[in-house]
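Thanks for coming, everyone. I have one structure to walk through today. Please look at the screen.

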Amino acid sequence: MENMTSYIKEFIGREKSRDYYPELISGLAALNKEYHAFNVINDRLEAKNSFPFSTKANICVKGFETNAGSKMLEGYVPPFNATVVEKLLRHGNFSFLGVTNMDEFGFGTFGTHTEVPARNAFDKEYAAGGSSSGAAVATALLKYHVAVAESTGGSIAAPAALNGVVGFTPTYGAVSRYGLIDYANSLDKIGVMARSGEDAKAAFDIIKGRDDYDTTCAIGKINNNRKKKLFVVKELIEKTDPKIRSAFERLLDKFSDDYEVKEISVGILGNSLAPYYIIAMAEASTNLAKYNGYKYGLQYGELNKRYNEFFTEARVNFGTEAKRRIILGTFIRSESVKEKYYTKALMIRRLIIKEMDKVLRDGYIISPTLPIPTPKISDVEKLTPMQNYAMDIFTIPPNLGGFPHITFPYEYLNGMPIGAQLVAEQANDYALLDFVSEWEKGFEYKYKHNLGSI
Ligand code: GLN
């Protein structure tokens with residue numbers, strides 16, 4: 001029975017054998033050969049009764065290769081810690097276990113846009129989800145562990161749902177982004193994955209809060225305003241696979257005693273994909289411009305080449321999806337079309353925030369996390385870019401608006417977990433975490449692996 005509410009408390013309070021950590025590391029190294037959850041495992045781990053945490057490969061950890069899943073940053077070892085890492089280490093009860101796999105620079109929904117994709121913890125044939133693929137797989141493999149991950153448009157929610165763990169994306173600006181390798185600055189948020197709502201809350205409590213190094217980290221008090229209504233947005237739910245739809249209906253039935261469940265129409269939410277991808281690509285192309293093999297990025301070294309030749313050759317190290325986004329993002333920002341795409345996308349984004357704000361003042365928005373059951377890796381590879389982007393319909397609206405959201409498992413469909421997503425108004429993060437802790441009282445988590453059990 002996996003219904004412990006706090007693995008952190010349980011772990012800290014228990015005696016461990018002297019060999020616990022070395023055995024954990026060797027067991028993890030063996031399992032990782034099959035699942036590729038970790039890019040780096042900290043075999044220098046000297047944990048004295050402290051709880052292991054991992055970081056997504058775009059969060060800088062001093063002394064460990066942090067390459068954002070890209071060949072362009074291969075071999076980059078940061079000389080400093082991201083604020084979130086510093087906070088966890090200073091807390092004293094946490095120790096760094098390793099760097100987790102991800103889609104290159106965060107570009108993806110299934111974890112397949114990287115050299116060696118992570119594999120779903122429930123079945124290796126299936127996609128791990130992305131872009132924080134390794135973080136979710138690690139959480140589903142290890143009994144005692146929390147993952148620090150990041151979301152731009154759904155990268156915590158999607159993989160957490162596909163691996164049956166809790167994935168929490170805080171309000172934009174609640175957690176410092178200092179030391180994060182940016183994808184799209186106006187959207188990026190650092191959050192956590194855990195095996196329970198309470199553990200996600202404990203980790204969030206440590207990493208949240210103002211930081212002199214990040215002026216966008218400016219949310220003051222985090223609230224806990226419980227709501228009694230659950231809204232289902234018609235324009236989004238319509239686009240769901242029938243199997244997921246009926247499972248989701250069963251979930252809503254379970255909530256119908258305690259909540260008023262209501263279907264509503266919010267037309268503009270049916271149009272969130274385009275503005276998101278326009279803004280995300282525009283910002284990504286700006287952020288990636290610096291990786292040119294000269295000062296930043298894999299050093300190209302052929303300094304006698306002509307200007308165009310040098311940068312063209314150095315930048316072949318980007319993967320296909322990164323190149324696609326650099327080209328589209330640069331196009332979107334160009335003088336002749338920027339009004340047509342970029343400025344319009346910003347306007348739609350403002351409207352989406354306004355509409356969601358209105359709804360979220362009154363209740364939560366609930367939906368499946370993904371519109372389809374877990375796909376096989378081989379099927380993901382057949383998706384066109386547009387089909388791929390369409391998988392983000394539920395996760396993009398809250399990300400676009402900087403609204404906190406949480407995903408939690410609620411059923412196992414043919415042995416694979418499926419997740420639901422709950423969205424709250426800005427700064428109401430605690431209400432979501434407590435909602436999940438409440439849900440867990442009547443739900444039995446299932447895992448294939450429990451590495452590190454005591
Ligand atoms: N799938 C989305 C994208 O590719 C979200 C990724 C993310 O949140 N980093 O942009």
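In strand 10, Ile406 is the bridge partner of Phe168. Strand 10 covers residues 405–413, and strand 5 covers 166–169. The two pair in the antiparallel sense, over three bridges. Strands count as paired if DSSP finds at least two bridges between them. Strands here are DSSP runs of E, at least two residues, and helices are runs of H or I, at least four residues, both numbered from the N terminus. As a reminder, strands of a sheet pair through backbone hydrogen bonds, either parallel or antiparallel.

A word on the source. This is a predicted model: local features need pLDDT of at least 70, side-chain atom pairs count only at pLDDT 80 or more, and totals for chains, interfaces and linings use all residues. Residues are numbered from 1 along each chain as its sequence is written.

Next, helix 6, residues 197–207. How many of its eleven residues are buried? Nine, so the helix is mostly covered, where buried means 20 or more other C-beta atoms within 10 Å of a residue's own, exposed means 12 or fewer, partly exposed lies in between, and C-beta atoms are placed from the backbone. Among the buried ones are Glu198, Asp199, Lys201 and Phe204. The buried residues pack against helix 1, helix 3 (83–91), strand 4 (146–151), strand 5, strand 6 (189–194) and helix 16 (429–440). Contact means C-beta atoms, placed from the backbone, within 7 Å. Just after helix 6, Gly209 takes a positive phi of about 110 degrees.

Two loop residues. Arg18 sits between helix 1 (7–12) and helix 2 (20–35). Arg18 is exposed because it has 7 other C-beta atoms within 10 Å. Gly270 is in the loop between strand 8 and helix 9 (273–288). Gly270 has 16 C-beta neighbours inside 10 Å, so it counts as partly exposed. Leaving out residues up to four places away in sequence, Gly270 touches Glu235 and Leu236.

Key: Two residues are in contact if their C-beta atoms, placed from the backbone, lie within 7 Å.
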